[in-house]
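Let's walk through this structure together, one region at a time. Please keep the viewer open as you read.

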Amino acid sequence: MMYMRRLRKVSVCMIAAAALILAVAGVGSAQVGGGGNSVGWVFLNVDDLNESLVDAAFNKLPGGMLTWGGHGLVGLGDSRWSIGAWGAGGEAMSEPTDEEEPKTATLALNYAGIMVEYSVVSTPKTNVGLGAVLGGGMASLATKRGMISDFDEALGAASSATVWRPYLLAQPQASIAFPLSKVIDVTITGGYSFFYSPTGWMDGMSFRDSFDGPMKTAGLPFVQLSFSFGPPPMGI
């Protein structure tokens with residue numbers, strides 16, 4: 001399946017990145033703070049949504065989602081604490097159904113928040129942090145049947161629909177950082193994203209007309225690889 005091929009590719013990339021980290025660790029000094037970009041993998045534990053899709057003759061969503069994001073952290077004085085911002089987003093699509101007009105469903109997640117981290121271990125070669133992200137985001141579900149072959153069809157009868165809902169986010173996480181150079185760190189992060197939606201699904205911005213459906217709550221484990229850029233430590 002397409003999901004398995006993507007998972008193998010992500011696994012190979014993670015292993016290669018880890019090997020590179022171990023090979024060059026110690027070139028610089030792992031730091032608290034900085035900012036950069038990240039790539040992650042979210043494990044989609046959305047059984048209630050998949051049940052609804054199967055009941056409507058769609059295929060299930062894949063078991064994972066590739067995400068892209070970014071972050072920024074600043075140290076709080078001489079303490080081990082740092083604070084900043086974090087965000088990520090991605091989407092996953094079900095396999096087309098085997099029929100004349102194949103049906104697909106696409107789930108997109110975008111979320112961000114304030115990140116706080118405490119440096120449990122801080123050495124020139126390694127920085128281990130425990131932290132959390134508090135914020136919010138949104139999920140959108142787009143369903144489609146058949147293919148649009150010309151622009152007139154795009155303006156004609158709808159062959160697709162999109163609904164969305166907002167979420168509150170609480171995300172405990174742990175990370176370990178290694179230096180690639182005096183100004184670049186590589187960080188591996190793992191954690192759990194807890195989502196809670198205060199409303200139902202919506203079509204457009206009609207908050208009063210929201211409706212019930214799956215994914216009122218969700219708990220999604222994730223792993224993430226980040227590159228952080230910051231000034232060299234003092235004295236270098």
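**A salt-bridge network around one arginine**

Arg145 is partly exposed, with a relative accessible area of 43% (buried means under 20%, exposed over 50%, partly exposed in between, with a 1.4 Å probe and protein chains only). The side chain of Arg145 forms a salt bridge with Glu101 at 3.5 Å, N to O (a side-chain nitrogen of Lys or Arg within 4 Å of a carboxyl oxygen of Asp or Glu). Since Arg145 belongs to strand E5 and Glu101 to the loop between E3 and E4, this pair ties together parts that are 44 residues apart in sequence. Helices (H or I, at least four residues) and strands (E, at least two) are DSSP runs, numbered from the N terminus.

Glu101 is itself partly exposed, at 44%. Glu99 also meets Arg145 in a salt bridge, here at 3.8 Å, N to O. Glu99 sits in the loop between E3 and E4 and Arg145 in E5 (residues 127–145), so the pair links parts 46 residues apart in sequence. At 34% relative accessibility, Glu99 is partly exposed. A search of the whole structure finds 2 salt bridges. Through shared partners, salt bridges join Glu99, Glu101 and Arg145 into one network.

A word on the basis of these values: this is a predicted model, in which local features need pLDDT of at least 70 and side-chain atom pairs count only at pLDDT 80 or more, while totals for chains, interfaces and linings use all residues. Residues are numbered from 1 along each chain as its sequence is written, and side-chain values use heavy atoms, with hydrogens and water left out.

Now step back to the whole chain. It holds 3 helices and 8 strands, in the order α-β-α-β-β-β-β-α-β-β-β along the sequence. Of its 236 residues, 39% count as buried. Among contacts (heavy atoms within 4.5 Å) between residues at least 6 apart in sequence, 70% join residues at least 24 apart. Trp41 lies in strand E1 (residues 34–43) and is buried, with a relative accessible area of 3%.

Accessible areas come from the Shrake-Rupley method with a 1.4 Å probe, and for residues only the protein chains shown count as cover. One nonpolar surface patch covers about 820 Å², with Trp81, Ile114 and Leu130 among its residues. Patches are made of residues with over 30% relative accessible area and no salt bridge, joining like charges within 9 Å and nonpolar side chains (Val, Leu, Ile, Met, Phe, Trp, Tyr) within 5 Å. Strand E4 gives this patch its largest share, 5 residues. Leu76 is also a member; Leu76 lies in the loop between E2 (64–75) and E3 and is partly exposed at 43%.

Finally, consider two backbone angles. Most residues other than glycine have a negative phi. Ala57, however, has a positive phi near 70 degrees, and lies in the loop between H2 and E2. Met215 has a positive phi of about 65 degrees, in the loop between E7 (184–196) and E8 (217–229). Ala57 is partly exposed at 44% relative accessibility, whereas Met215 is buried at 2%.
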